Amino acid sequence: MTISRSSMPHFGECVKRIHAEKGISQREVAEKIGMDAGNYNRLLNRPNMSAATLWSICKALDINFGDIV
């Protein structure tokens with residue numbers, strides 16, 4: 001089975017969903033990773049992000065890397 005790129009979930013959308021599920025604001029996570037809240041919001045809306053940044057976000061949300069999908 002082939003999965004098209006367009007059918008794969010966007011990391012930012014998955015992270016936003018986890019924010020809502022955990023009741024943690026974007027501002028809180030931004031502060032935990034040392035980023036301005038506005039830049040964090042823009043990061044979540046970008047088409048990609050570095051693995052290191054995603055890893056930092058996972059740590060701040062207290063989730064595993066695999067929980068993002």
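1. Let's start with Glu21, which is exposed, its relative accessible area being 57%. That is over the 50% cut-off, so Glu21 goes in the exposed class. Keep in mind that this is a predicted model, so what follows describes a prediction. Glu21 has a partner: Arg17 makes a salt bridge with Glu21, and their closest N and O atoms are 3.1 Å apart. Both residues sit in helix α1, 4 residues apart, or about one turn of the helix. Arg17 counts as partly exposed, at 35% relative accessibility.

2. There is another charged pair to look at. Glu13 forms a salt bridge with Lys16, with 3.5 Å between the closest N and O atoms. Glu13 and Lys16 are 3 residues apart in helix α1, so about one helical turn separates them. On accessibility, Glu13 is partly exposed at 45%. Lys16 is partly exposed too, with a relative accessible area of 23%. As background, side chains of opposite charge can pair when their charged atoms come close.

3. Now the overall layout. The chain has 4 helices and 0 strands, and from the N terminus the elements run α-α-α-α. It has 69 residues, and buried ones make up 29% of them. The accessible surface of the chain comes to about 4700 Å², and carbon and sulfur atoms account for 52% of that. If you take contacts between residues at least 6 apart in sequence, 58% of them join residues at least 24 apart.

4. How confident is the predictor? The chain averages a pLDDT of 87, and 87% of the residues score at least 70. Among the elements, helix α2 (residues 26-32) has the highest mean pLDDT, 96. The lowest belongs to α1, with a mean of 92.

5. What holds the inside together on the nonpolar side? The largest nonpolar core has 18 residues. Val15, Val29, Tyr40, Ile57, Leu61 and Ile68 have the most contacts inside it. Helices α1, α2, α3 (37-45) and α4 each supply at least two residues of this core. The largest share comes from α4, with 5 residues.

6. Skipping neighbours within four places in sequence, Leu61 is in contact with Val15, Ile18, His19, Lys22, Ile24 and Val29. Among these, Val15 and Val29 are, like Leu61 itself, on the list of residues with the most contacts inside the core.

7. Is His19 buried or exposed? His19 is buried, at 5% relative accessibility. It lies in helix α1 (residues 11-22). Setting aside residues up to four places away in sequence, His19 touches Ile24, Ser25, Gln26, Val29, Tyr40, Leu44 and Leu61. So for a histidine at 5% relative accessibility, the buried label is clear, since the cut-off is 20%.

8. Over in helix α3 there is Leu43. Leu43 is buried, with a relative accessible area of 9%. Beyond its neighbours within four places in sequence, Leu43 is in contact with Met35, Met49, Thr53 and Ile57. One of those, Thr53, is 10 residues from Leu43 along the chain, and their C-alpha atoms are separated by 9.5 Å. Another, Ile57, is among the residues with the most contacts inside the largest nonpolar core.

9. Last, the aromatics. How many aromatic pairs does the structure hold? It holds 1. The pair is Trp55 and Phe65: the ring centres are 5.9 Å apart and the planes are at 40°, so the pair is tilted. Trp55 lies in helix α4 (residues 51-61) and Phe65 in the segment after α4, so the pair ties together parts that are 10 residues apart in sequence. Trp55 is partly exposed, with a relative accessible area of 47%. Phe65 is partly exposed as well, at 38% relative accessibility.

Definitions and conventions: Residues numbered from 1 in each chain as written. Predicted model: local features only at pLDDT ≥ 70, side-chain atom pairs only at ≥ 80, totals over all residues. Heavy atoms only, no water. Buried < 20%, exposed > 50% of the residue type's maximum accessible area, 1.4 Å probe, protein only. Contact = heavy atoms within 4.5 Å. Phe/Tyr/Trp six-rings, centres within 6.5 Å; stacked < 30°, edge-to-face > 60°. Salt bridge = Lys/Arg side-chain N within 4 Å of Asp/Glu carboxyl O. pLDDT = per-residue confidence, 0-100. Core = buried A, V, L, I, M, F, W, Y, C linked by side-chain atoms within 4.5 Å. Areas by Shrake-Rupley, 256 points an atom, 1.4 Å probe, with all protein chains shown as cover.
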